[in-house]
Structures are given as structure tokens and as C-alpha cells.
Amino acid sequence: MPLMKSWVASANDADHPFPLNNLPYGVFSVDGSEPHCGVAIGSMILDVTAAEAEGVIVLDDEPLFDLPFWNPLMEQGPAVWAALRARLTSLLAEGSDEQEKVEPLLVPQDAAELQMPFAVSEYTDFYAGRHHAQNVGTMFRGPENALPPNWLHIPIGYNGRASSVVVSGSDIRRPWGQLKSLDQEKPAFLPSRRFDIELEMGAIVGTPSDGPITVQEADDHIFGYVLLNDWSARDIQAWEYQPLGPFQAKATATSISPWIVTKTALEPFRCDTPAREHELLDHLKDCGPMLYDIDLSVTMAPAGKPATTIARTNYKEMYYSAAQQLAHHTTSGCPMNTGDLLGSGTISGPTKPERGSLLELSWGGKEPLTLDSGETRSFIEDGDTLTLTGAAKGKGYTIGFGDCTGTVLPALASPYAR
Ligand code: CA
């Protein structure tokens with residue numbers, strides 16, 4: 001599919017993240033006004049809440065956009081999702097006879113503050129990137145036992161905290177936690193010294209389910225995708241995670257990009273999961289291409305210094321698709337709800353510059369990175385800004401996500417000091 005042209009001129013640039021082919025959904029406010037639902041088009045936002053209030057967009061007898069999140073639309077399902085996209089395309093396409101009606105509903109993105117685009121009902125994080133699991137397993141257990149025995153048979157994960165998910169731009173406070181390194185006899189309660197990122201994609205559940213669903217059904221339930229940074233305190237994790245997995249190490253914050261890119265916008269970029277070493281059981285078998293070809297990168301900028309790109313990889317490096325993760329999540333009968341967020345797991349590629357965490361990039365701190373500013377880093381230092389970006393490249397257009405960024409602030413004084 002070529003670039004679809006819009007009368008919003010900035011949307012027609014081949015490198016612009018928000019052409020008419022994209023139409024990602026967010027929530028914004030201007031100068032502290034009440035937050036509204038909006039769709040990004042070029043450098044503008046179409047105020048969808050106002051468009052509905054004025055009868056320019058009518059999908060249902062009841063309003064779908066009078067709350068500051070996209071969940072009411074998400075739970076409507078694929079037919080209404082398609083109806084909204086068709087209406088937006090008609091309003092914003094070059095030659096639309098409704099341009100005059102729509103122009104007053106546009107807000108410049110520069111003037112808008114972006115907020116959480118949806119209410120996260122629950123958050124589950126997986127560990128489904130082969131290269132990441134191999135790298136981390138090699139560091140902790142050696143190359144022979146790098147992958148746990150279940151890894152090639154199920155997408156393993158843990159239940160995270162919806163309350164900790166924040167929108168891009170939110171500052172991240174370095175956490176305190178109980179740490180114990182191998183050379184210490186006793187644990188100590190300290191600010192994390194090995195605070196890290198995890199480059200992930202987040203899949204958002206649109207329609208709810210109650211009981212086991214197939215991989216194909218799971219794909220149909222997914223509404224869209226965001227970039228996701230699962231901030232991780234490696235030293236807290238190393239001490240706490242056996243045998244029940246990560247807990248406080250992952251509970252500080254998880255940042256997401258501000259725009260939900262719909263599955264429809266990503267349709268031209270579908271690609272297959274890699275060849276299987278072990279045949280998957282029937283309920284997890286691939287049934288069509290369900291990964292996406294999305295270029296991903298991470299930059300790090302020390303306070304007041306320029307950013308250095310520290311990693312580049314691609315979402316197609318995953319071993320399991322989000323649809324397989326969602327299908328697996330339901331096998332026990334677990335109900336899934338509108339607004340459930342599924343983290344893919346850290347996405348790393350096969351070579352060193354493709355590693356999606358500092359733990360891997362610095363090989364556990366043994367091989368510090370040198371930034372363009374000349375500084376070195378094994379893990380995040382106070383004041384560092386970490387930014388994830390993502391882009392799917394079409395013929396003459398780009399599908400972007402908007403940055404997923406956060407600055408790490410120093411730990412507060414001890415929360416238990418007397
Ligand atoms: Ca993670």
C-alpha cells in the first residue's frame with residue numbers, strides 16, 4: 001500500500017511518523033484543559049471527543065469518547081474499530097469535502113500534553129525474546145543451560161502491576177530495595193545500583209474473553225501496540241527472583257509511548273515468527289504471520305548532553321507473537337479484559353548492537369558502553385534520559401509510535417530514616 005495523502009500537508013512526508021496510513025489514538029490536553037481523545041495526523045491532533053460532540057463522528061447512540069481514555073471504543077470490537085478508521089480516513093483524506101468542518105477540530109501537537117491513552121486494567125510481562133533469554137541465561141547459568149527447559153514450549157511471563165504503568169515523559173525515580181551481591185555476606189537496603197531499561201512492545205487487549213481462546217482468536221482480540229520500557233532494577237531482581245520471579249525489581253515503573261498504533265495500521269508489516277526448534281503444541285501453533293517488521297532503537301542522554309543511540313533491533317526478532325502470548329494467558333481459563341497490557345519481553349537481535357537492555361549491552365557491567373559525550377555507562381546514572389523509538393517503513397511512508405522516554409531521578413532519602 002502506498003502513502004495515503006491527507007489535506008493536512010505535514011502528514012504527507014515520507015518520514016513523518018503520523019501519515020493518514022497510521023491514525024494512532026492518544027489522549028491529550030491543552031494548557032491544563034480537560035483531557036480529550038485524539039488521533040494524530042501529521043503535526044496535528046484531531047480532537048475526536050469534540051468531533052463526536054459536534055456530530056462529525058457518530059458511531060453509536062451513546063458517546064464513546066466522552067471519557068479521557070480509549071477503552072470504551074476498544075471494547076466495541078473490530079466492526080466499530082473499522083467504522084471509526086473509515087470515518088477518520090474520509091474526513092482527513094486529500095479532497096475530502098468535509099475539510100472546512102474538520103479544520104477547527106485540529107490542535108497542534110506542539111501545544112498538547114499527551115496523557116495515558118487507555119486505562120490499563122492489568123499488566124502481564126513476558127520473556128519471549130530468544131536472543132535476550134539466551135544472553136541473560138548465558139550470563140547467569142552458562143551457555144549450556146541458558147534457556148530454561150520450558151522456554152521453547154511456552155511463552156513464560158509473570159503478572160505485573162497495572163498501577164505502575166506511566167505515559168512517556170514521566171520521570172522515573174530510582175528505587176530502593178533489598179540487595180545482596182555474591183561477595184556480601186548479608187543483604188542491605190540501598191538505592192538500586194544496577195537500574196536498567198528493557199526495550200519491549202506492548203500489546204493492548206481490545207475485546208474481553210472468558211476462557212481459553214485460540215491464537216487466531218487472540219489476534220482478533222488485540223486492538224493495537226505501543227512501545228514499552230520495563231524499567232528493571234537488576235540488583236533487586238538478582239536477590240529476590242528465585243523461585244517466584246521478578247517482583248519489586250519491576251514494580252517501580254513501566255513507561256509506554258503515548259499513541260496506540262492500531263493493528264490495522266500495522267497490517268502491511270506482518271511477518272512470521274522464526275523457525276521452531278520444537279514443534280509447538282496445537283493451542284500455541286502459528287496460524288499466519290503475527291509478528292511485525294518494526295525497527296526499534298534506544299538512545300541514552302546524560303543530563304545536558306546529546307543522546308547516543310545505544311541499540312537498534314526489530315520486533316520481528318521475537319520468538320512468540322503477542323497473539324500466542326494472549327492465547328497462552330487464557331489456557332487456564334484466565335479472563336482477559338479490555339485494557340489488558342501484555343509486554344513482549346525484551347527484544348534483542350543476534351549481534352551486540354542489537355541488545356535491548358544495558359544488562360546485555362554491558363554484559364553484566366563487564367563491558368561498559370562509551371557514549372558520544374565520552375562518558376561510559378554500565379547501567380543508568382541519575383539524570384540520564386532513555387528514549388525508545390519505533391518505526392515501520394512502508395513504500396513512501398512511515399508508521400511511527402511517538403517516543404517512549406523517561407529521565408531517571410536520584411533516589412529519595414531513605415524512606416525508613418528516623
Ligand atoms: Ca520485561
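Which residue stands opposite isoleucine 399 in β26?

Author: The residue opposite isoleucine 399 of β26 is alanine 392. The model is a predicted one, in which local features require a pLDDT of at least 70 and side-chain atom pairs a pLDDT of 80 or more, while totals for chains, interfaces and linings take in all residues. Numbering starts from 1 along each chain as its sequence is written, and side-chain values rest on heavy atoms, without hydrogens or water.

Alanine 392 belongs to strand β25, which covers residues 385–394. Strands, like helices, are DSSP runs numbered from the N terminus (E, at least two residues, for strands; H or I, at least four, for helices). β25 and β26 are joined in the antiparallel sense by four bridges; two strands count as paired if DSSP finds at least two bridges between them. The hairpin that they form has two residues between its strands, and in this hairpin glycine 396 adopts a positive phi near 85 degrees.

The surroundings of alanine 392 are enclosed. Its relative accessible area is 0%, so alanine 392 is buried (buried is under 20%, exposed over 50% and partly exposed in between, with a 1.4 Å probe and protein chains only). Setting aside residues up to four places away in sequence, alanine 392 touches Phe269, Asp293 and Ile294, as well as Tyr397, Thr398 and Ile399; contact is taken as heavy atoms within 4.5 Å. Tyr397, Thr398 and Ile399 bring the account to β26, which spans residues 397–400 and is covered on both faces. On one side Tyr397 and Ile399 are buried, and on the other Thr398 and Gly400 are buried too.

Leu388 is among the residues touched by asparagine 229, with neighbours up to four places away not counted. The contacts of asparagine 229 also include Cys404, Ala253, Thr254, Ser255, Ile197 and Glu198. Asparagine 229 lies in strand β14, and because its relative accessible area is 1%, asparagine 229 is buried.

The ion is coordinated by OD atoms of Asp125 and Asp230 and by OE atoms of Glu198 and Glu200, at 2.2 to 2.3 Å. Donors are N, O and S atoms within 2.8 Å of a metal, or 3.2 Å for Na, K and Ca, and sites may look incomplete because water is not among the atoms. Along the chain, the donor residues follow the spacing D-x72-E-x1-E-x29-D. Glutamate 200 is part of β13 (residues 199–205) and aspartate 230 part of β14 (residues 222–230), so this pair ties together parts 30 residues apart in sequence. Both glutamate 200 and aspartate 230 are buried.

The loop between β13 and α6 (215–221) contains serine 209. With a relative accessible area of 12%, serine 209 is buried. Apart from neighbours within four places in sequence, its contacts are His221, Thr330, Pro335 and Met336.

His132 is one of the buried residues of α5, together with Arg130, Ala133, Asn135, Val136 and Gly137. The cover over the buried residues of α5 includes α10 (358–361). α5 itself has 12 residues, 130–141, and extends 15 Å from its first C-alpha to its last, close to the expected 16 Å; the expected span is 1.5 Å times one less than the number of residues. Glycine 142 follows α5, and its phi is positive, near 90 degrees.

Helix α3 may be examined in the same terms. Its 15 residues should span 21 Å at 1.5 Å a residue, and the separation of its end C-alpha atoms, 21 Å, agrees. The buried residues of α3 are Val80, Trp81, Leu84, Arg85, Leu88, Thr89, Leu91 and Leu92.

The model also contains an open, antiparallel sheet of five strands in the order β4-β3-β2-β1-β5. Its edge strands, β4 (106–108) and β5 (112–115), each have a single partner, so one side of each lacks a neighbour in the sheet. Within the sheet, β2 (residues 36–41) and β3 (residues 44–47) form an antiparallel pair with four bridges, in which valine 39 has leucine 46 of β3 as its bridge partner.
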